[in-house]
Amino acid sequence: MSTGTPSAELESIEVDLLLEGVARQWGFDLRSHARPLLLRRLRRHLREERLETFSELQARVLHDGEAMDGLLRTLSCTPPSLFSDPDFFRDFRARVVPVLRTWPSVRVWHAGCGTGEDTYALAILLQEEGLWGKCRLYASDSSEGLLADARTGVLPLPGEDDARRYVEGGGKGTLTDYYMRDGNWALLQPKLRDGIFFTQHNLATDGSFNEFHVIVCRDTLLTFNRTLHNRVHGRLFESLARFGFLCLGRKESLARTPHAAAYEELEGSGRIFRRVE
Amino acid sequence: MSSIGMLVVGAPRAAAADVETLLTLLPRELSAPVVLVLHRGPHDALAAPLGRRCALPVVEPDDKDDLTPGRVYLAPAGYHLLVDKGSVALSVEPPEHGQRPCLDALFESAADSYGPRAAGLLFAGHEDGPAGLALLQARGGRVAVVGEDGEGGGGQDGPVERLSLDTVGAWLARLAYVPRAKVQS
């Protein structure tokens, strides 16, 4: 066995020890994450940190909070740009917005907001649809580091592709109306930024913190194993008002989750569900 | 039962027609799921055309779907497809080699969760794939490359078997008909 490629068994031991240590020291239980995704991201993180083994990474993250945050950052997969999935925003406008118009006030929770790209896209949409005044938009993530980025309201400058996706998503104005350019960065309108309540919340461990009319949780639960995934769906259910909407990723399903029967999927939408019981 | 718990197949876009041919060669009695990653753009409809002449159903799975023997699971556009002991794990990690889905992710996950119980088939011609296939081979998986790509292939774990579209059928048949005596637990 060469030193460069640890055996599968040894690597597995090292990963288990790392995860155990992280759970006990920092309270992030990565043991209930989807193992194949976790392994890949950990290996990528190891390469980026120029470390040889997971034991070295363990030593570092146990003693250094910033190293731990760096690890959490690697594990997060925020979409890289505004309106990265235009189909979702188009469906949301067509199927959810008309119902929201009929409600006096609307609480929206974006769970797993990462660095906030989709949150800001959602805020732009709500503003364009005339709902911003009666909406309260909460956005949460387990990583304080990512949230700190999200709170700045500064994004990499959107390009032509972003502008095109904005239009595909049903955008009614011009994307550049929503930010000020500063070199290669975009400073989002303070009106948008200040209207969003960014809050630290760990889906894996923290309970429901309010009742919402819309929960957007897209591709966030891919990283969890089935057990945790189902448990989180229990929490989302508890947090969603009757007749509220749950928006999942394009390839996420409620099948075999505990409250699947309480939802109806909106036909022809990309995985937007309505709680009917 | 064969000793193979899973067949994983990775192919660049240029090999799409060859993959369609491969699917027609899959033995009906293959008692393992087939997991397929083909490089694709966001708007390619692939499952229907690929399934036209395939004896097995071709589906694009949702995240966490179970893997059932005798079905072909095609990676959906925009997601990496990984396997996790009997189920699908989709991922929105950034593209690798400019690709999502990418081939290395599938092979690597098969190496991790199936090891010697996985068989891997890579269609040559792209930088994405060989590293994952090599890991699968190192973990005891039975691997082969279809087509030519200049490089000799094979690393510290010996040469990788080379196949053509004419010989891949026989290779598949050998997977399906492993004598019982050779079955490992």
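How far apart do the C-alpha centres of domain 1 of chain A and domain 2 of chain A lie? In this predicted model, the separation between the two centres is 28 Å. Domain 1 covers residues 8-75 of chain A, and domain 2 covers residues 86-275. The two domains touch, with 11 residues of domain 1 and 12 residues of domain 2 taking part in the contact. On the domain 1 side, the elements that supply two or more residues are α2 and α4 (65-75) of chain A. Of these, α4(A) gives the most, with four residues.

A:Thr53 comes 10 residues away from A:Arg43 along the chain, and the C-alpha atoms of the two are separated by 9.1 Å.

The next stop is the meeting of the two chains. Here, 16 residues of chain A are in contact with 20 residues of chain B. On the chain B side, two or more residues come from each of the strands β5 (80-84) and β6 (87-91) and from helix α3 (103-113). The most are given by α3(B), which contributes five residues. The side of chain B that touches chain A divides into eight nonpolar, four polar and eight charged residues.

Finally, there is the interior to consider. In soluble globular proteins, nonpolar side chains tend to be buried together. The largest nonpolar core in this model has 130 residues. Those with the most contacts inside this core are A:Ile215 from chain A, together with B:Met6, B:Leu7, B:Leu36, B:Leu106 and B:Ala110 from chain B. Helix α6 of chain A (residues 117-128) provides the largest share of the core, seven residues. Both domains of chain A take part, as the core draws at least three residues from each of domain 1 and domain 2.

Leaving aside residues up to four places away in sequence, B:Leu106 touches B:Val8, B:Gly10, B:Val35, B:Val37, B:Leu81, B:Leu82 and B:Gly132.

How values were computed. Residues are numbered from 1 along each chain as its sequence is written. Chains are lettered from A and ligands numbered from 1 in the order in which they are written. This is a predicted model: local features need pLDDT of at least 70, side-chain atom pairs count only at pLDDT 80 or more; totals for chains, interfaces and linings use all residues. A nonpolar core is a set of buried Ala, Val, Leu, Ile, Met, Phe, Trp, Tyr and Cys residues joined through C-beta atoms within 7 Å. A residue is buried if 20 or more other C-beta atoms lie within 10 Å of its own, exposed if 12 or fewer, and partly exposed in between; C-beta atoms are placed from the backbone. Domain bounds come from an automatic or database domain assignment. Two residues are in contact if their C-beta atoms, placed from the backbone, lie within 7 Å. Ala, Val, Leu, Ile, Met, Phe, Trp, Tyr, Cys and Pro count as nonpolar, Asp, Glu, Lys and Arg as charged, and the others, Gly among them, as polar.
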